[in-house]
Amino acid sequence: MFIAVSSVILIAIAVGLVRAIRGPSLYDRVLAANMIGTLTVLMVAILGFMTGRPEFLDIALVYVLISFVSTLAVLRVHNPGAGTTASSVKGSGEQ
Amino acid sequence: MSELLGHYNYWIVIVLMMTGFYIVIARPNLIKKVIGLFIFQTSVFIFFISIAKVEGGTAPIIEEGISVYSNPLPHVLILTAIVVGLATTALGLALVVRIREAYGTINEDDIHVQDEER
Amino acid sequence: MDMVLAVLSWSCLLGGAIFLLIGALGVLRFPDFYTRLHAVSVCDTLGAGLVLAGLMLQGGFSLVTVKLLLMFYFMMFTGPTAVHALAQAAMQGKLQAVVDEHEPE
Amino acid sequence: MENLINDVLLGLLMITGFAIVRMKSLLGVTMLTSIYSLLSASLFVVLDAVDVALTEAAIGAGIATVLMVATVALTTDEEKVPRHTPLLPLLVVMATGAALIYGTLDMPHHGDPLAPAHRYVADSYLHDSPVEIGVPNVVTSVLASYRGYDTLGEVTVIFTAAAGVLALLGYRTRGRNIEAAGIRKQVVLRVIAKLFFPLILLFALYVQFHGDYGPGGGFQAGVIFATGFILYALAFGLGTAQRLIPSQLLRILAAAGVLIYAAVGLESMLLGGKFLEYRVLADDPIAGQHLGILLIELGVGITVASVMLIIYYGFVSRRH
C-alpha cells in the first residue's frame with residue numbers, strides 16, 4: 001500500500017517537474033517547486049514508515065517550516081510591486 | 001542484468017557530474033557557471049552516499065534489534081561538505097556580484113572583449 | 001479494533017493519493033497559472049492532509065504521530081500562504097489570465 | 001521497492017539537470033536548482049543518510065535558493081546566447097564521462113556489503129561508538145569525536161568563507177529600510193512570518209540538542225537558525241533584522257564558535273589528554289565525551305548560523 005502511495009507521489013513529482021520546465025511564466029515554476037516541496041515532505045514521511053524507522057520525521061518537518069522562505073525570496077525579487085529590485089516581468093500569460 | 005543495474009547509481013551520478021561540467025565550460029554566464037558547480041558538487045555528494053549504502057541496511061542510528069547499518073563515515077564527510085559547499089558557493093556568487101559591478105556584465109565573452117580593449 | 005484502524009488508515013492513504021493525482025493532473029493540464037493554483041491547493045490541503053492522517057493512524061499514540069500532527073498543522077499555514085503570495089505577485093506582475101472571450105448565448 | 005524509488009529519483013534528477021542546461025531565465029534556473037536539491041534530499045533518505053538529508057533539506061529549501069535569487073537580483077536575469085559553438089565542450093564532456101564510466105566498471109555493486117569502503121573503519125565505528133561514546137547516532141559520534149579534528153578544519157573553512165564574502169561585499173550598515181516598504185501591504189505574509197519565526201528557532205534548538213539521538217547537530221541547526229532570521233528579514237526588512245541581531249555581533253559570534261571548538265581541544269590537552277580527547281573532560285569518560293560533543297556542536301552551530309547570516313546580510317545590503 002505504501003508502494004502505491006509512493007508511486008503516486010513520484011508521478012506527481014514528475015508532473016510538477018514537467019510544469020517547472022515548461023513554465024511558461026516564472027510564477028508557474030515557483031508554483032511547481034512549491035508543489036514538489038509538499039510532495040517531498042510526504043515522500044520522506046512515507047519512506048520513514050516504509051523502512052520501518054518512522055522516527056526520522058524531522059527532515060520532513062524542516063521542509064514544512066522553511067520551504068516557503070525560498071518562495072518568498074523569489075517573489076521578493078521578481079515582484080515589481082514589492083519595490084526592492086524591480087525587474088521586469090517576463091512571462092506574459094499563455095498562448 | 002544485475003551486472004548493468006548494479007552500477008546504475010554511479011552512471012547517473014556521472015551523467016549529472018558531466019552536466020555540471022558542461023555548464024561550467026560551455027556557458028559564458030557566470031551565475032550559470034556557479035550553478036553548474038553546484039550541480040557538480042551535489043553529484044559528488046550522491047556518489048559518496050551511494051557508496052555508503054549497504055543492501056538491507058538502515059540509517060546508522062543504533063537501535064535495539066537492528067544489526068545491519070549503512071556506512072556512517074561517508075555521511076559525516078558529506079554532511080560537512082554540504083555546508084562548506086554552500087559557503088564556497090556564496091563566495092563564488094559574491095565574486096560574480098563584484099565582477100558585475102566592475103564590468104557591468106556577467107557574460108564571460110563580454111568581459112574578455114572589455115579586457116582586450118584595455 | 002486493529003482491523004478497523006488498518007482499514008481506516010489505508011483508505012485515508014488511498015484517498016490522499018487520489019487527490020494528489022488529481023492535483024498533479026490539474027497542474028499539468030489546466031490552461032493558465034490562476035487555474036493551476038486551484039490544482040496545487042488540492043494537493044496541499046486534501047491530498048497532503050489525508051496522507052498524513054493515514055500515516056497518523058499507522059503511527060498510533062507516539063512521538064511520530066505528534067510530529068505528523070505538527071507537520072499537518074504547519075502545512076495548513078504554509079501552503080495557503082505561499083499560494084496566496086504567488087497569486088498576489090502574479091496579479092501585481094500583470095500576468096494575464098486566459099479568459100474565454102465568447103459570451104454565453 | 002526502495003531500489004525502484006532510488007532509480008526514479010535519479011532519473012528525475014537527470015531530467016532536472018538537463019533542463020537547467022537549457023533554460024535561459026536565471027530565476028527559472030534557480031527554481032529548478034531548488035527542485036534539484038529537494039530531489040537529492042529525498043534520495044539521501046532512500047539511501048539511509050538521514051543526517052545528510054536533513055542538512056540538504058535545510059540548505060536547499062532555504063539559504064541556497066535565497067542566495068542565488070539575491071545574486072540574480074544584483075545582476076541580471078537573462079542569459080545571453082553563447083558566442084562559441086558548444087561542440088568542443090560537448091566533446092570534452094563526452095570523453096571525460098566515458099572515461100569515468102569505464103572507471104566504474106571495476107567498482108563493487110551498489111549496496112554490496114563486502115565493498116572495500118565498508119571494510120576498514122566503518123565496522124569499528126558502528127561497534128565501538130555505543131560503548132566508547134554512548135551516543136546512538138553514529139554520525140554524530142564520528143563527526144564530533146572520532147573525526148573531531150577534521151570537523152574543526154571544516155568549521156574553519158566556513159569561517160574563512162564568511163571572511164571572504166565580507167571582504168568582497170562588506171556591509172552597508174546604514175539603517176535603510178527599503179525592504180519593509182513592499183511587504184507592509186502583504187499582511188498575510190507578515191502574520192505568518194511572525195508566527196513561524198519563533199517556531200523555526202525552537203526547532204533549530206531541538207535539532208541542535210537532539211543530534212545525539214536522531215538526525216541533527218550543529219551544522220543543521222545553525223543553518224535552520226539562520227533561515228529563521230532570513231525569514232524575519234524578508235518579512236520585516238533588513239534594517240529591522242539588523243536591529244534584532246547586528247552585524248558586529250555576528251562577526252564576534254562567528255569567531256567565537258570556532259574558538260569554543262578549539263578551546264575544548266586545548267582544555268582536554270591541559271587536563272592531560274590529547275587535542276580534542278574529550279574523555280578527560282569529566283571523571284567518567286562517557287560523561288566527558290557527552291560534554292565535549294555538546295560543547296563543540298554548540299560551537300559549530302554558533303559559527304554556521306552567524307556565517308550564513310553574515311553572507312545573507314552581505315548580499316542583501318548591497319544594492320546597485
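Which residues touch the most other members of the largest nonpolar core? In this predicted model, they are A:Ile59, D:Ala162, D:Ile224 and D:Val307.

**Figure 1. A look into the largest nonpolar core, a set of 227 residues.** Start with A:Ile59, D:Ala162, D:Ile224 and D:Val307, the members that touch the most others. Helix α3 of chain D, residues 50-74, gives the most to this core, putting in 18 residues. Domain 1 (1-105) and domain 2 (134-320) of chain D both supply residues, so the core lies between these two domains.

**Figure 2. The neighbours of A:Ile59.** Leaving out residues up to four places away in sequence, A:Ile59 touches A:Val44 from chain A. From chain D, A:Ile59 meets D:Val45, D:Val50, D:Ala53, D:Leu54, D:Ala57 and D:Pro215.

**Figure 3. Chain A on its own, built from 3 helices and 0 strands.** Reading from the N terminus, the order of elements is simply α-α-α. Chain A has 95 residues, and 67% of them count as buried. Take the contacts in chain A between residues at least 6 apart in sequence: 44% of those join residues at least 24 apart.

**Figure 4. Helix α9 of chain D and its bend at D:Phe196.** This helix covers residues 187-209, 23 residues in total. From first C-alpha to last, α9(D) reaches 34 Å, close to the 33 Å expected at 1.5 Å a residue. The bend at D:Phe196 is about 25 degrees, and a proline, D:Pro198, follows within four residues.

**Figure 5. Helix α4 of chain D, a hardly covered stretch.**

**Figure 6. Where chain D meets chain B.** Here 86 residues of chain D are in contact with 69 residues of chain B. On the chain D side, α3(D) provides the largest share, 13 residues. Sorted by class, that side of chain D has 55 nonpolar, 20 polar and 11 charged residues.

Note on methods:
Residues numbered from 1 in each chain as written. Chains lettered and ligands numbered in written order. Predicted model: local features only at pLDDT ≥ 70, side-chain atom pairs only at ≥ 80, totals over all residues. Core = buried A, V, L, I, M, F, W, Y, C linked by C-beta atoms within 7 Å. Buried ≥ 20, exposed ≤ 12 C-beta atoms within 10 Å, placed from the backbone. Helix = DSSP H or I, 4+ residues; strand = E, 2+ residues; numbered from the N terminus. Domains from an automatic or database assignment. Contact = placed C-beta atoms within 7 Å. Expected span 1.5 Å × (residues − 1). Bend = angle between axes of the 7 residues up to and from the residue. Nonpolar A, V, L, I, M, F, W, Y, C, P; charged D, E, K, R; others polar.
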